[in-house]
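Hello,

I am passing on the structure we talked about. Please look through it before reading my notes.

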Amino acid sequence: MYIFETIVIGAGASGLMAAIHASKYGASTLVLEKNNKAGKKIFISGKGKGNVCNATTPNDFIAHVLRNPHFLHSAYANFGANETMAFFEEQGVPLVIERGKRVFPESMKAYDLTDALVHKAKDNGVSFHFDEGVRFVDREEDIFMVKTGYRAYACRNLIIATGGQSYPSTGSTGDGYRFARGLGHFIKSTYPGLAGLRISEQVPQELRDFTLKNVELIYEEGKKKKSEFGDITFRDGFVDGPIALTVSSILAGQDMSDRTMYLDLKPALTLDTLTERISRDIAKDMRMRLGDLLVGLIPSEFLLFFANAFSLDLYRKIDAYTKEERRALASALKRVPLHVIGVNPFERAIITVGGVDVKNINSSTMESKLVPNLYFAGEVMDVDALTGGFNMQIALSTGALAGDSIAEKTKI
Ligand SMILES: Cc1cc2nc3c(=O)[nH]c(=O)nc-3n(C[C@H](O)[C@H](O)[C@H](O)COP(=O)(O)OP(=O)(O)OC[C@H]3O[C@@H](n4cnc5c(N)ncnc54)[C@H](O)[C@@H]3O)c2cc1C
């Protein structure tokens with residue numbers, strides 16, 4: 001039997017930061033990781049560039065959290081964007097702040113983040129056992145028993161940092177829910193978040209992987225009409241990119257099998273202004289065909305999709321367009337239907353919505369309210385945010401707070 005003061009299950013962003021903080025006064029700390037290395041998900045984050053946090057204010061951070069934002073006040077106050085940036089800079093990872101205050105390693109290599117976390121943990125004396133997936137967790141009196149396929153361990157403090165269910169190939173397969181449930185915790189139903197929206201429309205070859213910029217995605221949430229402004233990317237059978245990911249997260253858990261959303265391709269123009277613009281364009285060259293006119297208004301990659309949506313003949317001469325038809329064309333540009341038939345599965349979801357109910361967790365410490373000395377960190381909990389570095393920040397902030405809470409108790 002191996003005995004440690006603290007065991008952390010999972011070597012993702014949250015588990016690594018939790019181990020660093022739990023061990024800061026020298027308490028024996030072990031990280032058990034089922035993969036053969038740490039931070040598989042960090043490696044693919046931000047398209048491999050590692051958008052580690054967002055250099056924003058506490059209020060703005062909270063505003064970007066979709067589920068249970070207020071649960072994160074203490075964790076962020078204890079270890080927010082400033083502390084995150086200082087940590088990585090001190091570890092020799094210079095950072096840069098890009099568009100939307102997104103923070104990346106200057107190298108644009110996400111694995112620099114993992115290396116820094118692992119090095120710091122090892123400097124603090126943290127032990128790592130890789131290829132050791134935890135199968136079973138139990139509590140006997142005030143000691144946790146942790147069993148992997150190979151060994152049995154005992155510890156006084158246990159941190160569950162197993163992540164959610166998204167991108168299960170990275171090791172996040174929802175094991176933490178089983179451990180938490182076994183110890184009496186309630187698990188909120190889980191859904192893919194920040195996943196693309198599957199659509200029934202055929203996406204023409206030239207539109208695949210093309211991003212429409214500065215458009216508005218209009219959708220309904222309950223009876224409310226809502227919209228997101230930004231970029232959307234067309235793929236084979238689905239759309240993603242910031243606004244589609246955001247909408248998929250906002251609507252997570254709702255029936256998405258048959259919904260019509262709309263794209264406003266010209267959100268900065270009113271219907272009247274756009275109609276006038278079309279009339280002016282037609283007046284400039286009466287010999288134009290509809291396709292020629294549209295090329296001046298929308299990217300050519302989107303022409304066919306747009307024409308199919310409204311059964312338009314791109315070769316039609318536009319000199320015969322009536323006033324009503326010009327207005328109808330303007331209206332079409334502001335309301336292109338997208339027939340949503342579902343959300344991409346966990347295999348393509350950036351985040352898991354749902355998880356360990358935060359009502360069971362003390363937000364000032366990350367300790368379970370039901371089981372003393374049991375802590376949670378990261379995506380395994382029912383907290384999730386929009387894109388922009390906020391989810392990694394949640395992992396790092398909650399990991400740091402769980403670790404600090406243990407360190408204060410174990411300080412000699
Ligand atoms: C493609 C992609 C891109 C992303 N990009 C960004 C981004 O740019 N910015 C951002 O803020 N967020 C991003 N995210 C989200 C962010 O990466 C995660 O929210 C965050 O890393 C979660 O960290 P975590 O430690 O809670 O969980 P995870 O990173 O999932 O780590 C959990 C760890 O626990 C291990 N584990 C699980 N079960 C067991 C077990 N039984 N025994 C032992 N080990 C176990 C897993 O193998 C894994 O290593 C991205 C996510 C994806 C999928």
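The notes below cover the domains, the barrel and the ligand shell.

This is a predicted model, in which local features need pLDDT of at least 70, side-chain atom pairs count only at pLDDT 80 or more, and totals for chains, interfaces and linings use all residues. Residues are numbered from 1 along each chain as its sequence is written.

The protein is split into domain 1 (2-191 + 351-410) and domain 2 (196-344), with bounds from an automatic or database domain assignment. Their centres, taken over C-alpha atoms, lie 40 Å apart. Domain 1 and domain 2 each give 7 residues to the contact (two residues are in contact if their C-beta atoms, placed from the backbone, lie within 7 Å).

Helices (H or I, at least four residues) and strands (E, at least two) are DSSP runs, numbered from the N terminus. A barrel is closed by 6 strands in the order 12-15-14-13-16-17, with antiparallel pairing; strands pair if DSSP finds at least two bridges between them. Strand 12 (residues 197-199) and strand 17 (residues 336-343) are joined by 3 bridges, and Arg198 stands opposite Gly342 in strand 17.

The ligand has 38 residues around it, of which Gly10, Gly12, Gly163, Gly171 and Gly378 come nearest (a residue is near a molecule if its C-beta atom, placed from the backbone, lies within 6 Å of it). Helix 1 (13-22), helix 2 (40-44) and helix 13 (390-410) are the elements that give two or more residues to this shell.

Regards
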